[in-house]
Amino acid sequence: MVVVGGTVLIKAECVSDAHKLCLWMTEETLKEVGCITYGFHQSLNDPNTIQVFEEWDSIEDLTNHLATSHFAEFIEKLTPLAAGEPNVKIYEIESVRPL
C-alpha cells in the first residue's frame, strides 16, 4: 500500500475556490484503478490549510494517477490559489492493522 499525506496552504481569499477544485479532483480520482481513499480536509487549526490524504494499492497506481489529465489540470488550477509550495509526501507501507 502507498499513502500520500501532506498540507497545502491556500490564500485566504481563495479558500472557497480551492474547496470546489478539491471536490472535483476527489470525484475524478475515486474513479481510478487502485485508489482506496482520496480526500482533502480543512485543518481545524488553520482554515487556510488543506490537508491531503490518499491511499493507493501500489506505487504503479499512484504513478498512473500522477500522469492523468485531471491531475495536471488540478495542479495548474491549484497553483495560483496556494500561498506557498505544498508539503506532500509519499509513504510506502508494508503492513496495515486496525488501531
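Me: Strands pair if DSSP finds at least two bridges between them; strands (E, at least two residues) and helices (H or I, at least four) are DSSP runs numbered from the N terminus. This is a predicted model, where local features need pLDDT of at least 70, side-chain atom pairs count only at 80 or more, and totals for chains, interfaces and linings use all residues. Residues are numbered from 1 along each chain as its sequence is written, and side-chain values use heavy atoms, without hydrogens and water. How many bridges join S1 to S3?

Reply: S1 covers residues 2-9 and S3 covers 49-56. They run antiparallel. The number of bridges joining S1 to S3 is eight.

Me: Which strands are the edges of the sheet?

Reply: The open sheet has four strands, in the order S2-S3-S1-S4, with antiparallel pairing. An edge strand pairs on one side only. The edges are S2 (35-42) and S4 (87-92).

Me: Which strands does helix H2 touch?

Reply: H2 (residues 59-66) packs on the sheet. Touching means heavy atoms within 4.5 Å. The strands touched by H2 are S1, S2, S3 and S4.

Me: Are H1 and H3 roughly parallel or roughly antiparallel?

Reply: The axes of H1 (residues 15-29) and H3 (residues 69-78) come within 10 Å and cross at roughly 170°. Axes are lines fitted to C-alpha atoms over the stretch in contact, with angles from 0 to 180 degrees between N-to-C directions. Under 35 degrees counts as roughly parallel, over 145 as roughly antiparallel, 65 to 115 as roughly perpendicular, the rest as oblique. H1 and H3 are therefore roughly antiparallel.
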